[in-house]
2 protein chains.
Amino acid sequence: MKKQYVTTPNIDEVSITSGLFARISKLVKEQVLPCQWEILNDTAKDAVPDHSIENFSVAEGNDEGYPSHCIANFKIAAGLEKGDFYGMVFQDSDLAKWLEAVSYRLMSDPNEELEKIVDETIDIIGKAQQEDGYLNTYFTIREPQNRFTNLCECHELYCAGHMMEAAAAYYKATGKDKLLKIMCRMADLIDASFGPEENKRHGYPGHEEIELALVKMYKATKEERYLKLAKYFIDERGKTPYYFDIEFEKRNHASHFSYLYPPYGMYSNGPKYEQYHLPIREQKTFEGHSVRCMYMASGAIDVARLTEDKELLDACKGLYQNMVQKRMYLTGGIGSTPKAEMFTSDYDLPNDMVYGETCASVGVMFFTKRLLEAEQNGDYADTMERALYNTCLAGMSLDGKSFFYVNPLEVDPVISRENPDRAHVLPVRPAWFGCACCPPNLSRMITSLPEYMYTICNNEIYVNLYIANKAKLQLKDQTVDIEVQTEYPYKGKINLTAETEGKYAVCLRIPSWSREKWKAQINFFEVSQAVENGFLHLERTWKKGDKVTLELDFEPKRIYANPLVSKDVGKVAVQCGPLVYCLEEADNGKGLQRIYLPKDAGLKLAEKPEKLMGINEIYAKGYRLKTLENSQELYVENTKWNYELVNLTFIPYYTWANRGENEMTVWIHEK
Amino acid sequence: MKKQYVTTPNIDEVSITSGLFARISKLVKEQVLPCQWEILNDTAKDAVPDHSIENFSVAEGNDEGYPSHCIANFKIAAGLEKGDFYGMVFQDSDLAKWLEAVSYRLMSDPNEELEKIVDETIDIIGKAQQEDGYLNTYFTIREPQNRFTNLCECHELYCAGHMMEAAAAYYKATGKDKLLKIMCRMADLIDASFGPEENKRHGYPGHEEIELALVKMYKATKEERYLKLAKYFIDERGKTPYYFDIEFEKRNHASHFSYLYPPYGMYSNGPKYEQYHLPIREQKTFEGHSVRCMYMASGAIDVARLTEDKELLDACKGLYQNMVQKRMYLTGGIGSTPKAEMFTSDYDLPNDMVYGETCASVGVMFFTKRLLEAEQNGDYADTMERALYNTCLAGMSLDGKSFFYVNPLEVDPVISRENPDRAHVLPVRPAWFGCACCPPNLSRMITSLPEYMYTICNNEIYVNLYIANKAKLQLKDQTVDIEVQTEYPYKGKINLTAETEGKYAVCLRIPSWSREKWKAQINFFEVSQAVENGFLHLERTWKKGDKVTLELDFEPKRIYANPLVSKDVGKVAVQCGPLVYCLEEADNGKGLQRIYLPKDAGLKLAEKPEKLMGINEIYAKGYRLKTLENSQELYVENTKWNYELVNLTFIPYYTWANRGENEMTVWIHEK
């Protein structure tokens, strides 16, 4: 394993020009980020908190669950306002994620007014920082004496990590280093407090995040200590005796989240919940809280790549394989249970009880982005795309005003309402959450999409995602302009124009779902070479204006789960391109679980530019098992079943729940 | 509605002579009751408590969950021992149920030694009673000042009810009235504390039970006040403003079960949980905690019948119809969620998440027994039989040494272990529970089985259950001896001999599953008359030795759920006689959820006298969907699926989980 020139584009170097993500980026810029700013300031009027227990509605002892108080916490910690802390112990991270997202947004579209707001906010953050560099509004306001005593639960390093990401992003966006310096002081304090030396704590975060953030700090400042500290946290995790046991004894069993996880809060959830059951290098399966898993693995790959640590990288690749082969929903969702938002066991993928947290799928993107930096294999990009186009996009309503935390594959609103096991499966998106991690996480992912679209390795351009854009890409030996035109994900044709001459490679991902059927041309001459590791490597001396055309297989397809997924046995799903489709009651009436798609039924694609902000629908002839007429019986003997013919209409999964409360299903009985 | 002569046999009047229930009755007498006595006294060695949260493992603040302490609590309350209360707030009821079961056992088989133990125990109970008649060890030891302040959660009236049932039973068994007098004093105190008068509390129990118990006290003592008090509790329930709201405010929101149901314990679960959302007469669906529902409806029918209250009876009948038509598992289990052990919504019957508490199905027997007393309709007995032969019997291992609280229809031990949503679905029976309601509830039902076997109305004998027995039945105008010989539930032939001459009716239930095909003869002459309300009324002047022969349809049958039960769409179950069958891994290998039973596969019955203490097995040719060979893919396109032929072996559901931890399923894919 040797360090190579590997990078992703700066955000200002890629301009998304049209199509689905042009619309969504605009929405995030014009609707989501301003709205989130209002929520952080408690000036939003429409935000309705979600009160279900899974979403931590009983926010820190106050069962009103009033939205944010996030900026207020900083002002109180800064001594600018009077009052008490309110919100989750990790409330600070909401602001951090917003600042990070806004920084990306400023990169692609500078805006003085917005920058001024950010600068003023950074001033408040600076004032909230303690003399020794410590920054965390919860502990500063409520428990100054208890800093770093409950890493297992209290998210101090997590919050610090998010603010470091924001600092690095804002520095990159504007060249202003005030926040970066604030976070360097915090990073230095953490570095002075944690490490192998005897006088330091031998701990690691309960919720991973700071590892990948410290790598960003290292990249922004070139300070080697930050990389070393990230590596320390990665390597320390899982050593015995467990740090969280020691810490738990030291604080006399005091716990923060006991109301949520009795009797000892997150500590009660055991080592797997926070991935300290084993050293990361020895972990073979993702266990516990799915978001934490993604953040852990992302930080670990960063460290592995920068320190040329093949063993660590291989461990992460093994974890990836376990996830995609045994623990991921068709929609790119992960986490099979609302209880502690966890992975459960191989092939245990219940469609109705699923968690599939939006943040976890955003985390899948973080993870696969870094895997692609370490090894340019199209399979990682396939998984990135699966998460992005399905669970991530479904996390937000089409109007950008409401959000899902949980992304189910099967919903019946009546059961969600009446069966408390399904209370987490909301049939409509709430505007905000007591635990508001997902909306700002989506925002920062969408605003930084260019970093996912391309991986650059030496003089090779890996095109991971097909999104219409103009890009200026910094290869190892030259800068290359390219333009991509496409109506992906609704059409499979991609035109790429090389705008810079020179010898470099354009590597087009051939998605696994198109591996059987695709066509590529350069300047209208067919390309005949083989796909390697999921990419078609077009290396040549390009002339300005050279055109590459790729046509992917956009026939609608039937998808089946591995028979070991017991909940999907006898069922089929429909996919077209990267989009998983679903049936919704609005198009197909009630009783979706009684619908059968015959094995031989054709799937017909139709453009619907007006529907759901522009989609392709898929039609098929199907059957619905009729209910028993005039029968009051719950159980019957050998009955002649009646079926009615139904014209099925499938819509892309990400567009579901935009037409009011209704049934939805991804998996359908096959006959 | 007019009061009629309606009764059930005294327990000593029916002697079970052979077959399944002869064995089980013996088991309860010789194994279960003595073992439970040891547990109540904390002298049992093998009892391993179940530590899952659903089973209240964190018993009252002590996370050791050590078995019982039940007798010790009484001794401490009596001043005979020093120490603190330990166990559930309703721990007293464990002893009460045991005393009741032992009383029934003494009726059929007097035993001086056992009676002596009971008398000594009653002495302790007497000493634990307070001067004013109050009896409850929790409040006496821990919170004497808080009596009757938290009816919503604290089960005082529930415990009193169970001890009243025990008192009435022991009095009936032995003629000794010491416990009866103790409970009269407690009933009098309750009567003085609750009622419509201004100086009394206008409350009702959080867990129904005392209503039906007061009716038993009324029957034992002829004291009308007890019936009136039962009626008061029935009628007061659900009136607004809700008593539990008033009480909650009065005690300043103090709560008992906040560790289990945050933040305010059972009060947080809302009115439906404890059926006070509406007056009982206005309730159309069973809501909330399923055991409470059964006890409520049982008490309500008792009151309705004794007070000739047709409106109340009709309400109960409506609730029954809702349950059997929309909210009951094929196995007679009720309660679709472990969260608060509740009913959810119509047709929401998930097989893997099911609660199906053993106590709830015992409650179904209480309820249907009383429905049969009010109206002799075979449908009620069909439901009683469904609950008895499937969920109730499955609640106990074949050796009587371990018990299920939860009775699932689909189990995968790996998922039960790794997915916390399924932690309540145990794949093997534990020996005891922190919340030990189910085992003694089973015991008292089994020991009082004669009360369920027959309903006597005027001069009609309704045979509800076919169990080999000799009975002396008190009809309105004469005493009639009959004998029933049968190998039911393994053979469909029933021989009934009238041993007393006279004019009376023998009414044989023709179960709904045999309505198409049955044959009855009197002295070898075919009976041609029609089935009315599920019974074949054979009214005549009987001669001693007259023989009735009934042959029921014991062909194995395919059963289907109403298509509105979405989890059973495309699936089939197998039943033979009253027994629901299942597939178990021990006979069929792993991967039960990949098995298909072809539509045309024959079902072949075979006697297995040696297996599982004697069963009939059912064989069929089926297919198992093969896993993907050499494929690491989780999702695949149009694949050619491979099936392997498997010889399926079905066993009766009640015998599952007697051969170690393994997969089980009741519903199977049909092809």
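Biologist: In which strand of chain A is the place of A:Glu539, and is A:Glu539 buried or exposed?
Modeller: In this predicted model, A:Glu539 has its place in strand 14 of chain A, which runs over residues 535-542. Residues count as exposed when the relative accessible area is over 50%. The relative accessible area of A:Glu539 is 51%, so A:Glu539 is exposed.

Biologist: Where in chain A is A:Ser336 found, and is A:Ser336 buried or exposed?
Modeller: A:Ser336 is found in the loop that lies between helix 13 (310-326) and helix 14 (358-374) of chain A. The cut-off for a buried residue is a relative accessible area under 20%. Because the relative accessible area of A:Ser336 is 4%, A:Ser336 is buried.

Biologist: Which residue has its backbone oxygen 2.7 Å from a polar atom of the side chain of A:Ser336?
Modeller: A polar contact requires N or O atoms within 3.5 Å of each other. The side chain of A:Ser336 has a polar atom lying 2.7 Å from the backbone oxygen of A:Asp348.

Biologist: What separates the C-alpha atoms of A:Glu539 and A:Ser336?
Modeller: Along the chain, A:Glu539 and A:Ser336 are 203 residues apart.

Biologist: Over the ring of which residue does the charged end of A:Arg540 sit?
Modeller: For a charge to sit over a ring, CZ of Arg has to be within 6 Å of the ring centre. The charged end of A:Arg540 is 5.1 Å from the centre of the ring it sits over, and that ring belongs to A:Trp542.

Biologist: How many residues line the second largest pocket, and how many of the residues of its lining are charged?
Modeller: The second largest pocket has a volume of about 740 Å³. Its lining is made up of 27 residues, and those closest to its centre are B:Thr7, B:Lys172, B:Lys216, B:Lys219 and B:Ala220. Among the elements of chain B that each supply at least two lining residues are strand 1 (6-7) and helix 9 (210-221). By class, the lining of the second largest pocket divides into eleven nonpolar residues and four polar ones, while the number of charged residues is twelve.

Biologist: What is the volume of the largest cavity, and which residues are the closest to its centre?
Modeller: The largest cavity has a volume of about 320 Å³. Its lining holds three nonpolar, eight polar and eight charged residues. Of the 19 residues that line the largest cavity, the closest to its centre are A:Ser566, A:Lys567, A:Lys571, B:Lys567 and B:Lys571.

Key. Residues numbered from 1 in each chain as written. Chains lettered and ligands numbered in written order. Predicted model: local features only at pLDDT ≥ 70, side-chain atom pairs only at ≥ 80, totals over all residues. Heavy atoms only, no water. 1 Å grid on protein atoms, 1.4 Å probe; cavity = no way out; pocket = protein on both sides within 12 Å on 5 of 7 lines; lining within 4 Å. Points joined across faces, edges and corners; volume = space filled by probe spheres on them. Nonpolar A, V, L, I, M, F, W, Y, C, P; charged D, E, K, R; others polar. Lys NZ or Arg CZ within 6 Å of the ring centre and 35° of its normal. Helix = DSSP H or I, 4+ residues; strand = E, 2+ residues; numbered from the N terminus. Buried < 20%, exposed > 50% of the residue type's maximum accessible area, 1.4 Å probe, protein only. Polar contact = N/O pair within 3.5 Å; in protein donor to acceptor, adjacent residues only side chain to side chain.
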